[in-house]
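Visitor: I would like to learn how to read a structure feature by feature. Please give me the general idea each time, then the case at hand.

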Amino acid sequence: MLMSMLMLFFLGKKMNWEFCLWFMMIFSFMMLKYLNIDISGISEFYFVFDKMSSILVLLSFWTSSLMLLSSYKSVKMLNNKTDYFVFCVLLLCFVIIFFFLVENLMMFYLFFEVSLIPTLMLILSWGYQPERLQAGMYMMLYTVSASLPLLLCLLLFGYQEGTYSMDMIKLLFMNSVSVYWVFGLLLAFLVKLPLYFFHLWLPKAHVEAPISGSMILASVLLKLGGYGVMRFVGLFKILGNSFMVLLVGVCLWGGMLTSMICVGQSDMKSLIAYSSIGHMGMMLAGVISGFIVGWEGAILMMVCHGLCSSGLFCMGNLIYEKINSRSLFLCGGMINYNPMMSLLMFLLCICNMGAPPFISLVSEIMLYISIYMYSFFLLFFVLMMVFLGGLYNLIFYVSVVHGQVMSFIKVISANKSNEYLLLVLHIFPLLLFILNVGYISKIYF
């Protein structure tokens, strides 16, 4: 991969963008081979490659290639620091893939933190409004300050156990940890996820980020938190802790509140960003429930949310590029002049609410089953989130597609083929993955 990156920079300036795009796409298809890897995975020096990391690495490659495709107009056509942009995307992809593959706890922490730097560069260099400085500062302060307890815990743990290897710790470490350890170890991942109460940086970062920044934030960077929680919960025997019951309550209560916030949103990007918080809260509740069906549903939720949320941000950006506004009040009647885009938007919206024939339906059913088995009383939150999820997605769809056509919309140019391709490449895996949804059941024994 490093050799390919170096070749890209020596192959001539004009073709950099295209070579990068094809390089990412080809790697995505090569990664499909590793989906049928053995349950025990492949261990090689500092790296471990198992079923859980393989699907997330595949998602990282796929999203990185789509980031380049989505920024074609705003970066490539306008020649807006193109080489620098390609370098940022490649660097971010590289760091994220290393995070999913490393087995040493200190390397795990290092790549978790380094992923912030290219993201910050994307937001500050290609963001829309001057507020992007404040959004970048929010993101850095939240994530870095929450990661310091994690660093302290890992250093103490390595000193205590004499090793930073995850495999060794799994064998050596038998007793359950106290509440303080749980808080220290998980706080960084809960902020990255983001859990309600720690979520304030996410809508800000999404709104100010360029389309590529929003895509990678929604698709992969939120999954760093989910992946970290799933790794650490198994590693440090955290599930037996009484603090976890409180966390389930926060997840579902926060998910319900953010779904309510979505219903009242007029900004497209804010609406999609807040919907991410609700989905990730549901995913964390499924992990904490401790049932295999919940864990499998959580992995599936991470994959389908990554593609679906990224696709919705692309859709919002296409509308923004056409009418120069993200307000739902200024949209309307898109079905009259662009029926194809309306169809693609409908597919992304029903995927986001968890309707058939998408894999998000399977993931949500699995998560609801695990939450119901954990406690009967949590059924109220589940029902509310199903209702509100359908409501805000339909409001979003109806506001943009139906209603009276605004007079200034009539001057909009037709969509280009690369814009349709971008949206279809988000929807296609969501439909096709349902043919191999049994893959998820092989992740755990």
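Visitor: Is Ile369 buried, partly exposed or exposed, and what is its relative accessible area?

Guide: Buried means under 20% relative accessible area, exposed means over 50%, and partly exposed lies in between (1.4 Å probe, protein chains only). Ile369 has a relative accessible area of 38%, so it is partly exposed. This is a predicted model: local features need pLDDT of at least 70, side-chain atom pairs count only at pLDDT 80 or more, and totals for chains, interfaces and linings use all residues. Residues are numbered from 1 along each chain as its sequence is written, and side-chain values use heavy atoms, with hydrogens and water left out.

Visitor: Where does Ile369 lie, and which nonpolar surface patch is it in?

Guide: Helices (H or I, at least four residues) and strands (E, at least two) are DSSP runs, numbered from the N terminus. Ile369 sits in helix H18, residues 359–374. Patches take residues with over 30% relative accessible area and no salt bridge; like charges are joined within 9 Å, nonpolar side chains (Val, Leu, Ile, Met, Phe, Trp, Tyr) within 5 Å. Here Ile365, Ile369, Tyr372, Met373, Phe376 and Phe377 make a nonpolar patch of about 670 Å². Accessible areas come from the Shrake-Rupley method with a 1.4 Å probe; for residues, only the protein chains shown count as cover.

Visitor: How many helices and strands does the protein chain have, and how compact is it?

Guide: The chain has 20 helices and 2 strands. Its radius of gyration is 21 Å, close to the 22 Å that the globule rule gives for 445 residues, so the chain is as compact as a globular protein of that length. The radius is taken over C-alpha atoms; the rule is 2.2 Å times the number of residues to the power 0.38. Along the principal axes, the C-alpha atoms fill a box of roughly 65 × 55 × 45 Å.

Visitor: What share of the 445 residues is buried, and what share of the contacts joins residues 24 or more positions apart?

Guide: Buried residues make up 59% of the 445. A contact means heavy atoms within 4.5 Å. Of the contacts with a separation of 6 or more, 82% are between residues 24 or more positions apart. The accessible surface comes to about 17,800 Å², and 73% of it belongs to carbon and sulfur atoms.

Visitor: How many salt bridges does a search of the whole structure find?

Guide: Side chains of opposite charge can pair when their charged atoms come close. The rule asks for a side-chain nitrogen of Lys or Arg within 4 Å of a carboxyl oxygen of Asp or Glu. The whole structure gives 3 salt bridges.

One is Arg231 with Asp50, with the closest N and O atoms 2.9 Å apart. This pair links distant parts of the chain, 181 residues apart: Arg231 is in helix H12 (residues 211–235), Asp50 in the loop between strand S2 (47–49) and helix H3 (51–70). Both Arg231 and Asp50 are buried.

Another is Asp267 with Arg326, at 3.2 Å between the closest N and O atoms. Asp267 is buried at 17% relative accessible area, and Arg326 counts as buried at 14%.

Lys322 and Glu419 also meet in a salt bridge (3.5 Å, N to O). Lys322 lies in helix H15 and Glu419 in helix H20 (residues 417–432), 97 residues apart. Lys322 is partly exposed at 22%, whereas Glu419 is buried at 9%.
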